[in-house]
Amino acid sequence: MNSERILVVDDEKLINWSLVEMLEDAGYMVDSATTGAEARSKFASFQPEMILLDIALPDANGMELLQEFKEQDEQVMIIMITANADLDSTVKSLKLGADEYIGKPFNLDVIEHRVRQILDKRRLKKQTTTTKRILRRQNDFDQLVGSSAKMIEVFKMTKICAESDCKTILILGESGTGKELVARAIHMHSSRADAPFIDVNCAAIPDNLLENELFGHEKGAFTDASQREEGIFECADGGTVFLDEIGDMPLAMQTKILKVIETRRYRRVGGRSNLEANVRIVTATNQDLPALVEQGLFRGDLYYRLNVMCIHLPPLRERIDCIPSLVEYFIGRLNAEYGKKVQGLEKETMAYLKQYDWPGNVRDCVILLSGL
Ligand SMILES: Nc1ncnc2c1ncn2[C@@H]1O[C@H](COP(=O)(O)OP(=O)(O)OP(=O)(O)O)[C@@H](O)[C@H]1O
C-alpha cells in the first residue's frame with residue numbers, strides 16, 4: 001500500500017474515473033474533483049502529495065491553479081493533462097513548476113509509471129533535505145562493539161526487534177551505554193532501512209516547539225507559519241522515528257504520542273485532516289519510567305504501549321569483558337582518524353580500566369582513549 005495522496009482534477013467524467021480507478025488499484029489514496037472550485041477545496045482538505053491537473057476546467061484555468069497550488073505547497077507534485085498538447089503550453093506549464101505534462105489521449109500504464117517515478121523522486125528529495133538527521137545506509141551493527149555475554153544478548157534482542165513487526169520499541173540504559181547506536185541498528189536491520197531514520201532529543205526541544213517539530217504545521221497555524229511545513233513523522237514516512245530521552249517528554253505531548261500509537265494517525269499543528277503515521281517509534285531513556293509513572297510525571301498507559309519490546313543496555317561496569325574489544329576498536333578508529341600509531345595499552349592500564357566504574361559508560365571510554 002502506498003501512503004501518498006493523489007488528487008485527480010478533470011471535468012471529463014470518464015477520464016477522471018479511469019485515472020482514479022487506476023491509481024487506487026496501484027495502492028494510492030485518491031480523491032477527485034471536476035471543477036476548479038472543488039479542486040481548491042479538496043487541495044485544502046485532502047492535502048495531496050500529487051495532483052493530476054487538467055488545463056481546461058469549466059470554471060478555472062489549470063495553469064492558474066498550478067501556480068496557486070505550488071505557491072501554497074512547493075513540494076506538491078503536479079502533472080498537467082491536456083487535450084491540446086503543444087510546445088508553447090508545455091514550456092509554459094513547466095516554467096510554472098509543473099513536474100510533467102501529458103497530452104490526451106494517454107496510456108494509463110504510462111501515467112502510472114510516471115506517477116511512481118515522480119513520487120519516488122519526491123521521497124528522495126524529502127530525504128535529502130533532512131540529511132542532518134537522517135542516517136544513510138551503512139553497517140551500523142558493526143559499530144556496536146562488545147564481546148561479553150550480556151552484549152551478545154543485546155545483539156540478539158536488537159536483531160529480533162529489528163525483524164519484528166512491532167511498531168514501538170523501548171531501549172533502556174544509563175547515559176552513554178549505546179542506546180542511540182542500538183536504535184540505529186534496529187532501523188538498519190529492519191525492512192524500513194531504505195526509508196529515513198530521524199532522531200529527536202525530547203529533552204533538547206522546548207515544550208512548546210516539540211509538537212511542531214514532530215507533526216509539522218499548516219500555513220497560518222501561528223504568526224511565523226508562512227508556509228505549510230512537514231514534521232518529523234512525515235519526513236520519516238516508512239522509516240523510524242527515534243524519540244530519545246522520552247522520560248523528559250512533557251505530559252501534554254505524551255498524550256498526543258499515545259494517540260498516534262493507538263490510532264496511527266496525527267494532525268499537523270493547525271491542521272484539520274488526519275495524516276497516516278507510517279513509522280516505527282523507537283524510544284529511549286536513562287530514567288526509571290515506572291518511578292516516573294508513580295510520581296505522575298509519565299503516563300502509565302503510554303509506558304505500557306512503549307514497553308512492548310524492550311532492550312536493556314547494561315552499564316559498562318557490569319560487562320567489563322567488553323573493555324578489551326572496545327579499547328581495540330576505539331584505538332583503531334582514533335589511529336585512522338588522527339593518523340596516530342598507538343599499538344595498544346600496557347597490561348597495568350588495561351587492569352585499571354577493568355576495575356574502573358565507568359560513570360559515563362562507553363562515552364567515557366571514547367573520551368579517555370582520545371587523550372592517548
Ligand atoms: N557498544 C558500543 N560499541 C561502540 N561504540 C559505542 C558502543 N556503545 C556506545 N558507543 C559510543 O559511545 C558514545 C555514546 O553512545 P550513545 O550516544 O549511543 O549512548 P546513549 O545511551 O544514547 O547516551 P545518552 O543517554 O547520553 O543519549 C557514542 O560515541 C557511541 O558511538
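The shell around the ligand divides into 5 nonpolar, 8 polar and 4 charged residues; Ala, Val, Leu, Ile, Met, Phe, Trp, Tyr, Cys and Pro count as nonpolar, Asp, Glu, Lys and Arg as charged, and the others, Gly among them, as polar. Please keep in mind that this is a predicted model: local features need pLDDT of at least 70, side-chain atom pairs count only at pLDDT 80 or more, and totals for chains, interfaces and linings use all residues. Residues are numbered from 1 along each chain as its sequence is written.

**Around the ligand**
- Ser175, Gly178, Lys179, Glu180 and Val362 come nearest of the 17 residues around the ligand (near means a C-beta atom, placed from the backbone, within 6 Å).
- Helices H7 (179–188) and H15 (361–370) each supply at least two residues of this shell (helices are DSSP runs of H or I, at least four residues, numbered from the N terminus).
- Domain 2 (140–314) and domain 3 (318–370) each give the shell at least three residues, with bounds from an automatic or database domain assignment.

**Helix packing**
- The axes of H13 (residues 323–338) and H15 come within 10 Å and cross at roughly 50° (axes are lines fitted to C-alpha atoms over the stretch in contact, and angles run from 0 to 180 degrees between N-to-C directions).
- That makes H13 oblique to H15, as angles under 35 degrees count as roughly parallel, over 145 as roughly antiparallel, 65 to 115 as roughly perpendicular and the rest as oblique.
- H6 (residues 149–163) packs against H7 at about 45°, with their axes 8 Å apart.
- H6 is therefore oblique to H7.
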